[in-house]
Amino acid sequence: MTQIKRRQFLQFGGSAIAAMGMSQFDLLNMGDRYGKVLAQNTPRKLALLIGANAYPTAPLYGCVTDTELQYQLLVHRFGFNPKDILIVNDNTAIKPTREGILQSFEEHLIKQAKPGDVVVFHYSGHGSRVKDLDTADGLNSTFVPIDRTVKQVGDNFEVSDIMGRTLFLLMSAIKTDNFTAVLDSCHSGGGKRGNSRIRAITRANSITGSNDIPSQMELEYQKQWLGKLNLSPEEFKRRRLAIAKGTVIASANRSQFAIDAEFTGFKAGVFTYYMTKYLWQQTGDTYLTSAIADISLRTTRDHDQDPEVECKATCKAGDTNNKALFYDLTSTVTSAEAAIIKVEGKQATFWMGGIDAGNALGKDSIFAIVDKKDGKTLATLRLDERNGLTAKGTFNDGDPSAIKEGALLREEVRGIPNDLSLNIGIDPSLGNVASIQKALQGINRLKAVELGTGEVDFILGKVEESDRPKLQRSLTNVPALASIGLFSTSKERAIDDSFGIAGESPEVAIRRLKSKFKLLLASKVLQSLLNPRSSKLNVQVNIHPVGRAGQTFGRAGTSRSSNTVATKAIDFSQKVKPGTNLQVSIKNSEKQDLYVGVLAIGSSGDMTLLYPLEYSAAEDASLLKSGDTLQVPRAGRDKFDFEVQGPAGTFDVLVLASVQPLRNALKGLNKLQGRSGELREIGDPEETIIGLLGDLTSSTRANLAAKRNTSSTMDMNTLAALLVTIKVGE
């Protein structure tokens with residue numbers, strides 16, 4: 001059971017954290033490691049972005065968005081010339097057919113890349129597997145083109161997929177070592193799961209691909225490339241022990257699914273979206289292994305999906321001395337979350353690749369157009385409307401000439417809707433959807449969503465036999481069959497203290513879960529405050545064992561703090577062993593004093609206020625002086641240990657630092673907690689939400705033209721909201 005308690009302090013549950021192992025690298029089952037990373041100032045940067053949604057059966061919905069995410073990232077953050085990026089998806093002239101994918105790779109990458117160039121290949125679509133007797137398990141993973149053909153040959157099925165060994169040959173032909181392949185697909189578990197789709201093609205009689213064989217045209221194509229590369233079959237087999245060159249990033253490990261998920265107003269690959277958002281927010285050197293481990297904190301927690309990386313240099317997770325850079329490049333521009341992609345007079349359309357999908361931006365939001373070199377504000381835009389990853393804004397103040405395509409944007413003021421709701425998907429296992437929707441809609445700020453029709457935060461469902469293998473890996477006590485509770489959006493994990501007895505009716509379960517819904521809603525509101533890259537305050541957070549500040553389990557900082565602290569690769573993949581006593585260090589590098597609040601948030605939404613311990617204490621009790629560092633628990637003063645207990649999983653530590661007191665916000669959080677960490681039933685979450693946001697609105701000092709009652713506002717000059725996710729396990 002996932003709990004947060006005062007003395008026997010923290011027992012966190014959540015998704016099981018699978019051991020690292022080979023995944024889609026059997027797709028590449030390849031060889032040859034090349035030397036070190038070349039200089040970053042390369043003559044040219046080339047990219048081929050593949051996104052396949054339009055499969056005749058089992059269509060996907062987020063792969064085209066993946067190519068758009070990557071395109072905007074490479075152009076605005078890594079300096080790619082748009083003319084050097086070729087997109088192949090369902091909406092382009094070249095389609096992601098077998099011929100379209102192979103010819104695009106040959107013409108755009110192999111024929112154009114020269115030594116020292118930077119090359120990026122991204123594939124989002126279905127994966128599968130075919131027989132390959134040269135591999136350890138007799139199988140080789142594949143890319144599935146949208147015009148895939150299947151032909152029965154005896155007891156086998158001949159498929160026109162593109163094999164991993166083919167990609168090895170194509171990679172080998174590229175004349176630069178600065179090559180990165182990003183593969184957002186998997187080879188098992190195809191179909192729909194929860195509110196998501198799995199990026200794998202399967203057939204009822206070939207779940208593992210064990211009776212699928214490569215087509216003759218695929219084998220002939222490989223033979224042609226063996227001749228061009230002057231490789232004998234024996235040499236080819238020897239080299240295919242690792243990757244051909246460069247870096248390969250896989251979106252999930254061998255036992256997991258690559259998820260095609262629904263976010264706020266758009267669908268995308270889970271890994272591609274979180275990877276893109278992470279890279280948008282980085283400046284300077286972004287170390288490959290640390291970045292993948294950091295990204296995995298989000299994909300693991302929300303979707304039980306562990307990305308992996310293999311590269312020409314030694315770049316194993318945890319190798320903090322490795323200096324391999326993401327895409328072999330440094331982003332030299334200032335921190336930003338968005339970029340203008342279209343201008344009409346004083347109105348601009350902008351791409352928000354660096355904004356967290358969970359940030360429900362209200363119409364009081366304001367973005368600053370910043371100078372790419374020094375980050376200074378040139379002008380501001382007021383948000384008019386948001387549609388998924390794009391938004392429109394109108395000139396607010398400053399220099400109107402700064403509104404131009406390619407200009408970078410950073411948040412100045414975030415408008416947070418006061419009617420933010422918790423979206424609950426209804427699993428078909430519950431039966432009568434209409435009656436369940438009615439029961440959920442009777443709870444304030446809850447929104448019932450039919451699966452497949454919009455974004456959901458959790459799924460209300462019944463435990464079925466097919467769920468038990470996953471639950472056994474993520475829960476201490478697996479709920480009984482036919483019991484009702486809350487699952488993650490892809491049903492890969494469950495909220496372990498949300499399940500009742502077997503046979504309970506959905507209506508009874510909903511009444512039982514009212515307090516849990518309120519906690520999860522409050523947690524969602526807190527998540528909407530996060531602003532590590534847009535806050536103007538200089539604050540750093542470090543989580544470490546008691547008395548060992550040099551051993552970092554996780555850290556966070558604002559963009560200002562990252563500019564003042566020497567960049568160092570951190571192993572974000574390391575796990576905290578149960579029984580470890582942790583300490584949270586918060587450094588105030590501002591010239592003014594700040595008010596600080598620290599909370600622990602379990603995977604079940606349970607929250608514990610770690611600092612200040614009494615919300616009713618004097619305001620200066622939470623004051624952190626300029627230049628000082630606060631450590632929680634405070635040695636000799638706080639009568640509790642921040643002790644982590646099993647099972648394996650994740651939990652979050654949220655730090656709020658404000659120029660104004662947080663009395664109302666902390667009071668609202670305390671109401672949720674009750675005594676000894678037990679939940680206290682509250683009549684209406686409205687009061688809690690007002691408490692969470694009231695201080696922020698009152699401290700906002702942006703020059704807003706009018707106060708709207710529909711949203712609260714958070715000024716990036718007055719608040720830093722930082723989150724650190726910690727993995728627990730042996």
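Strands here are DSSP runs of E with at least two residues, while helices are runs of H or I with at least four, and both are numbered from the N terminus. The model is predicted, so local features need pLDDT of at least 70 and side-chain atom pairs count only at pLDDT 80 or more, while totals for chains, interfaces and linings use all residues. Residues are numbered from 1 along each chain as its sequence is written, and side-chain values use heavy atoms, with hydrogens and water left out.

Is His122 buried or exposed? His122 counts as buried because its relative accessibility is 0%; buried means under 20% relative accessible area, exposed over 50%, and partly exposed in between, with a 1.4 Å probe and protein chains only. Leaving aside residues up to four places away in sequence, His122 touches Leu48, Leu49, Ile50, Asp66, Gln70, Val182, Asp184 and Thr272. Contact here means heavy atoms within 4.5 Å. With Thr272, the side chain of His122 also makes a polar contact of 3.4 Å. Such a contact is a pair of N or O atoms within 3.5 Å; within protein, one must be able to donate a hydrogen and the other to accept it, and residues adjacent in sequence count only if both atoms are side-chain atoms.

Now step back to the whole protein chain, which has 14 helices and 39 strands. Of its 730 residues, 62% are buried. Among contacts with a separation of 6 or more, 76% come from residues 24 or more positions apart.

Next, look at helix H2. The axes of H2 (residues 98-110) and helix H4 (residues 216-228) come within 13 Å and cross at roughly 15°. That angle makes H2 roughly parallel to H4, a label for angles under 35 degrees. Axes are lines fitted to C-alpha atoms, for helices over the stretch in contact, and angles run from 0 to 180 degrees between N-to-C directions. On the H2 side, Arg98, Leu102, Glu106 and Ile110 make the contact, and on the H4 side Met217, Glu218, Tyr221 and Trp225 do.

H2 also packs against helix H3 (residues 164-173), with axes 10 Å apart and an angle of about 15°. This makes H2 roughly parallel to H3. Here Leu102, Phe105, Glu106 and Ile110 of H2 meet Thr166, Leu167, Leu170, Met171 and Ala173 of H3.

Definitions and conventions:
Angles under 35 degrees count as roughly parallel, over 145 as roughly antiparallel, 65 to 115 as roughly perpendicular and the rest as oblique.
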